[in-house]
Amino acid sequence: MSIYHCSNHLFLLWFSLSVLPISLSSTSSSSLPSDIHDLLRSKGLPAGLFPKEVKSYTLSDEGQLEVILHGPCLTKFENRVFYDAVLKANLSYGSLMGVEGLTQEELFLWLPVKDIIVKDPKSGLIFFDIVVAHKQLSLSLFEDPPNCNPQPQSEGVLKNNLLKGKGIEALRYKEYK
């Protein structure tokens, strides 16, 4: 009888070590919204920060967000915005910090967006750190996910040249094309 009792405890120990971690890990991944736009809303950010053309996303326990689009594309809010095929950032409530893969056109230059912050949703403002300046825009510009057009070839040449430090040559290329 005591052997049977001991084997029940061993079975329970084995069951808890092998089955419970699986159910816990699947619970944490299933608690994420299936749509990136819903995830943004749940984190105090507007849904329209990423375009409709999001293929998938992953979010680590540490807040590392990776968003995969169907391909690079352009859209416009106040100015034109270029999304790489893969975007990365640290996601926390009200902010995307250390953004990679997002550039914004400012005065004919393409500048990387580094941080996006909503300090107070009641203010109606969203802040963008575009390396050389901090820009504030109306949250209403980002309510709905935008359509994002595939990157035209000439825009790709322009953007790549500007980001590689060939700004004047790239501007000349665009002017004379």
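**Ground rules**

I note that this is a predicted model, in which local features need pLDDT of at least 70 and side-chain atom pairs count only at pLDDT 80 or more, while totals for chains, interfaces and linings use all residues. I number residues from 1 along each chain as its sequence is written, and I take side-chain values from heavy atoms, with hydrogens and water left out.

**The chain as a whole**

I looked up the elements and found five helices and ten strands; helices (H or I, at least four residues) and strands (E, at least two) are DSSP runs, numbered from the N terminus. Of the 177 residues of the chain, 36% count as buried. Among contacts with a separation of 6 or more, 41% are between residues 24 or more positions apart, a contact meaning heavy atoms within 4.5 Å.

**Strand E5 and its partners**

I followed strand E5 next, and nine of its twelve residues are buried, so E5 is largely enclosed by the rest of the structure. E5 runs antiparallel to E4, and seven bridges join them; two strands pair if DSSP finds at least two bridges between them. Ser92 stands opposite Ser95 in this part of the model, and the hairpin of E4 and E5 has two residues between the strands, with Gly94 in the turn showing a positive phi of about 80°.

E5 also pairs with E6 in the antiparallel sense, over four bridges, and there I saw Thr103 opposite Pro112. These strands again form a hairpin with two residues between them, and Leu107 in the turn has a positive phi of about 50°. Phe108, with which I began, is in the loop between E5 (95-106) and E6 (109-112), and has a positive phi of about 70° although it is not a glycine. With strand E7 (residues 115-117), E5 pairs in the antiparallel sense over two bridges, and Leu96 stands opposite Ile116.

**Leu45**

I asked which residues Leu45 touches, not counting residues up to four places away in sequence. I list Leu40, Leu91, Gly94, Ser95, Leu96 and Val118. Leu45 is in the loop between helix H3 (36-42) and E1, and counts as buried at 4% relative accessibility. The C-alpha atoms of Leu45 and Lys119 are separated by 9.9 Å, although the two residues are 74 residues apart along the chain.

**The hairpin of E1 and E2**

Strands E1 (residues 54-59) and E2 (residues 64-69) pair in the antiparallel sense over five bridges, with Thr58 opposite Glu66. Four residues lie between the strands of this hairpin, and Gly63 in the turn has a positive phi of about 95°.

**The disulfide**

I searched for disulfides, meaning pairs of cysteine sulfur atoms within 2.5 Å, and the structure holds one. Cys73 and Cys148 form it, with their sulfur atoms 2.0 Å apart. The torsion about the S-S bond is about 95°, so the disulfide is right-handed. Cys73 lies in strand E3 and Cys148 in the loop between E9 and E10, so the pair ties together parts that are 75 residues apart in sequence. Both Cys73 and Cys148 are buried.

**Aromatic rings**

My search of the whole structure for aromatic pairs gave two; rings of Phe, Tyr and Trp (its six-membered ring) pair if their centres lie within 6.5 Å, and planes under 30 degrees apart count as stacked, over 60 as edge-to-face and the rest as tilted. Phe77 and Phe142 form a tilted pair, at 4.5 Å centre to centre and 40° between the planes. This pair links distant parts of the chain, 65 residues apart. Phe77 is buried at a relative accessible area of 16%, and Phe142 is buried at 1%. Ring pairs link Phe77, Phe128 and Phe142 into a cluster.

Technical notes
Buried < 20%, exposed > 50% of the residue type's maximum accessible area, 1.4 Å probe, protein only.
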